[in-house]
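Please keep the sequence and the structure in view while reading.

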Amino acid sequence: MLIAGFPAGAWGTNCYLVAPAAGEECVIIDPGHQAAAGVEETLKKHRLKPVAVVLTHGHIDHVASVVPVCGAHDVPAWIHPEDRYMMSDPEKALGRSIGMPLMGELTVGEPDDVQELTDGARLRLAGMEFGVSHAPGHTKGSVTFRMPETPEVPPVLFSGDLLFAGSVGRTDLPGGDHAELLESLARVCLPLDDSTVVLSGHGPQTTIGRERAANPFLTGMTGADAPRRGM
């Protein structure tokens, strides 16, 4: 498996391109602010053909390049329905008044083809499977993408802004909820094997085992700490 990532734009948001191998179809995860050039360079370097863009959530630092990337390659974008509005109205998502400047060079809006993610879905894209888990807390529509272990690669979790190396996502923006975020961590992350590689929305990669042992938001927490849904 090939996973190529790079930090992009003013917020240093990690954009990932995932493919079975060089020269094959790929999926692009979170093409954010000023990510389009890096996406094109990575596609060329590894001879990849994108088939979809998938989004961990709707904040502008993760979706700012969705329209140009999807448009250039005629591919759909996948996002959870509770965050879909953010692609067209990023200021509302950040708690800003309509009309306030937001890095004026950005072109916001939806690509031509938008597909909606659901909790528990298994996306089969580019010959790979991505398990989708709804993980609210950072935003109402935050999700993670999990890929199973292969002979070459341990299991991988694309955690977006739910879990970072040594920290977790902020919850002070509209739609954020600290209690929901802790529930998502307990339900989505902690049941995973310690060997699971965590590729976050910002910062370096880590593992579930490392975060379970040292992340101050996770130490002492178990998967049993997650409330049962519907109760």
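## The chain as a whole

Of the contacts in the chain with a separation of 6 or more, 62% are between residues 24 or more positions apart. The structure discussed here is a predicted model. Its chain contains six helices and 14 strands. Of the 231 residues in the chain, 52% are buried.

Helix 1 spans residues 36-46, and its buried residues are Gly38, Val39, Thr42, Leu43 and His46. These residues lie on the same side of helix 1 because they cover an arc of only 135° around the axis. The face turned away from this buried side carries Glu41, Lys44 and Lys45, which are exposed.

Histidine 46 has its place in helix 1. Is this residue buried or exposed? Histidine 46 has a relative accessible area of 16%, and it is therefore classed as buried, since the term applies to values under 20%. When residues up to four places away in sequence are not counted, histidine 46 touches Leu2, Ala4, Ala22 and Gly23.

Just after helix 1 comes arginine 47, whose phi is positive, at about 55°.

Strands of a sheet pair through backbone hydrogen bonds, in either a parallel or an antiparallel manner. In this model, six strands form an open sheet with mixed pairing, and their order is 7-8-9-10-13-14. Strand 7 (122-125) and strand 14 (206-207) are the edge strands, since each of them pairs on one side only.

Strand 13, residues 197-200, runs antiparallel to strand 14 and is joined to it by two bridges. Valine 198 stands opposite threonine 206, which belongs to strand 14.

## The largest pocket

The largest pocket holds about 230 Å³ of space. Which residues lie nearest its centre? They are Trp11, His59, Asp61, Arg170 and Leu173, and the complete lining consists of 13 residues. Sorted by class, the lining of this pocket has six nonpolar, four polar and three charged residues.

Key
Residues are numbered from 1 along each chain as its sequence is written. This is a predicted model: local features need pLDDT of at least 70, side-chain atom pairs count only at pLDDT 80 or more; totals for chains, interfaces and linings use all residues. Side-chain values use heavy atoms; hydrogens and water are left out. On a 1 Å grid over the protein atoms alone, a cavity is a set of points where a 1.4 Å probe fits but cannot get out, and a pocket is an open set with protein on both sides within 12 Å along at least five of seven lines; lining residues have an atom within 4 Å of a point. Grid points are joined across faces, edges and corners, and a volume is the space filled by probe spheres set on the points. Ala, Val, Leu, Ile, Met, Phe, Trp, Tyr, Cys and Pro count as nonpolar, Asp, Glu, Lys and Arg as charged, and the others, Gly among them, as polar. Buried means under 20% relative accessible area, exposed over 50%, partly exposed in between (1.4 Å probe, protein chains only). Helices (H or I, at least four residues) and strands (E, at least two) are DSSP runs, numbered from the N terminus. The arc is that of the directions from the helix axis to the C-beta atoms. Contact means heavy atoms within 4.5 Å. Two strands pair if DSSP finds at least two bridges between them.
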